[in-house]
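Q: I would like to learn how to read a protein model, one feature at a time. Could you walk me through this one?

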Amino acid sequence: MQVSYHYQETTLGEALVDLEQRFDLNFTYSPSRLPMDYHLNATANKMPVQEAMDHLFAASPIRHAFIGDQIVLRSDPGRLSQIQTKAIQPRQKTPLYQEPRPTPPAITAIPTQGPKQISGGDQWLSNKLEEEDLERIAIAMENHQREMAMEEYDATHRLAQISLLPYFGTNTHRSNEVTNNVSVNVFWGTSKAVDGFEIGGVANSVVEDMRGFQMAGAVNQVGGNVTGTQLAGLINHTGGKVEGAQVAGAGNIVLDSMTGAQVAGLFNISRHHLHGNQTAGAFNWAKGDVGHQVSSFYNRARYVEKRQVGLVNVCDTTGKAPYGLLNFVKYGYNRVEVGATENMYVNLGAKFGVRKLYNIVHLGLRWDVVEQTTVDNLTSEAVYTSWSFGYGFGVAPRLGKKVLLNVEAVAMHVNEMDSWTSKLNLLGQFRTTFDYQLDGRISFYAGPVLNMMWSQLYDASTNTYGSRIPINPLWNEQQGATNFQGWIGFSAGIRM
């Protein structure tokens, strides 16, 4: 704490009262043993307390000492005897003659009184406070503070309590003021804090901290910090930090950081860092960093130390590649590409994740000119459009400063010469392309593609099964109504 004051001809008594009121300082002294009318002249601007007191009493007949949170004051007999009243300035009549200076009156002795009782039981026995006296005062003050602390502890701590509802139990109206070692709430109960064990049929409510084990049929709610384990049928909610574990049938919520594990049937939420794991049936959400996140649907965090596993994973950065259908890493490998292959003339693709493992969403387009014979034996040409959409995975190890090797596997459903093909018409691709960075995020890629197509399309005019897309396939096999064709193709384009 820093102290500021400005005293100009201010009496000692006034200064002490001012300091006590403005800065909550605690002075210990005997008014009958100090010159309370002594005038102080000192100024301090945002000084530490000890330095400010040294400065205030430096030129005064007052000695001081810091004992605990008390400032003990006593008089300095050597300086006290030198205190004199100020001389009265004469009125000068002429340059040569002055009125005689009056003789200053003798300093009257400070009235003495009998020994005065002070806090702790000691007495002032003389004008001096020697080291032994200061030690006795310090011991008395410590004993007094210890007694007060024990009284406060006894008044606010209970070995055990039992309640039916909040404030309807053994702690009655003081339930939110009492810390319990064992708390049993038949339906719902309230405590200031728990240091041990708490069980509630429906809910437990703790105003401050919980240390130990807490279990509720529905809800555990703690306003402060948790050190230990919370087990709830529905929700665990903590307003502070958690060190330990939270297990809930529905969800866990921590408004501060957590070290440990969250396990829930539906969701886990941490509003800050979580040094540990989150496992949930539906989703995990951490505003800060996290270790592992595992859920069936959605995971969200800032930095993931290890791995996210879920249908959709979102993070800023990650230590290991996330496993999911869609992985969005803000500072990861995120690219959009436009290219061509021999079977799909225009291809659009999006890649997102990290170079160790990324997802691919693919869209392809082609058009075919087909000759048709009418009933009049006339021949005409018609243009038919085919389109495909697909999904895949890829990795992109670095071969050089500007060169990547993209190895990808993609599966596409091809709607062949129709808006939608309901039969099996699946094109699988295994791509190996070299990516060369041109400028900034723009790069050129090209490489071979292994194509494999399974189709149940039937051409009545030729009485054959299979797709029209493959050209000069290397493999062509028929298994029942399913035709398989395989060939080597290419892929090239631009990524950005």
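Q: How many helices and strands does the protein chain have?

A: The general idea is to read the elements from DSSP runs, numbered from the N terminus: helices are H or I runs of at least four residues, and strands are E runs of at least two. In this case the protein chain has four helices and 39 strands. Please keep in mind that this is a predicted model, where local features need pLDDT of at least 70 and side-chain atom pairs count only at pLDDT 80 or more, while totals for chains, interfaces and linings use all residues. Residues are numbered from 1 along each chain as its sequence is written, and side-chain values use heavy atoms, with hydrogens and water left out.

Q: What share of the residues in the protein chain is buried?

A: Relative accessible area decides this: buried means under 20%, exposed over 50%, and partly exposed in between, with a 1.4 Å probe and protein chains only. Of the 496 residues in the protein chain, 40% are buried. The accessible surface of the chain, from the Shrake-Rupley method with a 1.4 Å probe, comes to about 27000 Å², and carbon and sulfur atoms hold 59% of it.

Q: And what share of the contacts links residues 24 or more positions apart?

A: A contact means heavy atoms within 4.5 Å. Among contacts in the protein chain with a separation of 6 or more, residues 24 or more positions apart account for 31%.

Q: How should I read strand pairing, and which strands pair with β29?

A: Two strands pair if DSSP finds at least two bridges between them. β29 (333–341) pairs in the antiparallel sense with β30 (residues 346–354) over seven bridges. The two strands form a hairpin with four residues between them, and V338 has L348 of β30 as its bridge partner. β29 also pairs with β39 (482–495), again in the antiparallel sense, over five bridges. There, G339 has G493 as its bridge partner.

Q: Which strand runs parallel to β28?

A: Strand β26 (residues 312–315) does, joined to β28 by four bridges. The bridge partner of V312 in β28 is L326. β28 itself (residues 326–329) has two faces: N327 and V329 are on the covered one, L326 and F328 on the uncovered one.

Q: How do I look for empty space inside a model?

A: Rolling a probe the size of a water molecule over the atoms shows where empty space is left. On a 1 Å grid over the protein atoms alone, a cavity is a set of points where a 1.4 Å probe fits but cannot get out, whereas a pocket is an open set with protein on both sides within 12 Å along at least five of seven lines; lining residues have an atom within 4 Å of a point. Grid points are joined across faces, edges and corners, and a volume is the space filled by probe spheres set on the points. Searching the whole structure finds one cavity of 30 Å³ or more.

Q: What lines the largest cavity?

A: The lining includes E337, G339, H362, E408, R431, Y445 and R495. β29, β34 and β39 each give two or more residues, and β29 gives the most, with four. The space in this cavity is about 60 Å³. For residue classes, Ala, Val, Leu, Ile, Met, Phe, Trp, Tyr, Cys and Pro count as nonpolar, Asp, Glu, Lys and Arg as charged, and the others, Gly among them, as polar. By that scheme the cavity lining has two nonpolar, six polar and four charged residues.

Q: What is the volume of the second largest pocket, and which residues are closest to its centre?

A: The volume is about 260 Å³. Of the 18 lining residues, Y333, R335, R355, R398 and L404 are the closest to the centre. β29, β33 (403–415) and β34 (425–439) each supply at least two residues of this lining, which by class has six nonpolar, four polar and eight charged residues.

Q: Where is F444, and what is in contact with it?

A: F444 is in strand β35 (residues 442–455) and, at 41% relative accessibility, is partly exposed. Apart from its neighbours within four places in sequence, F444 is in contact with F434, D435, Y436, L438 and G493.
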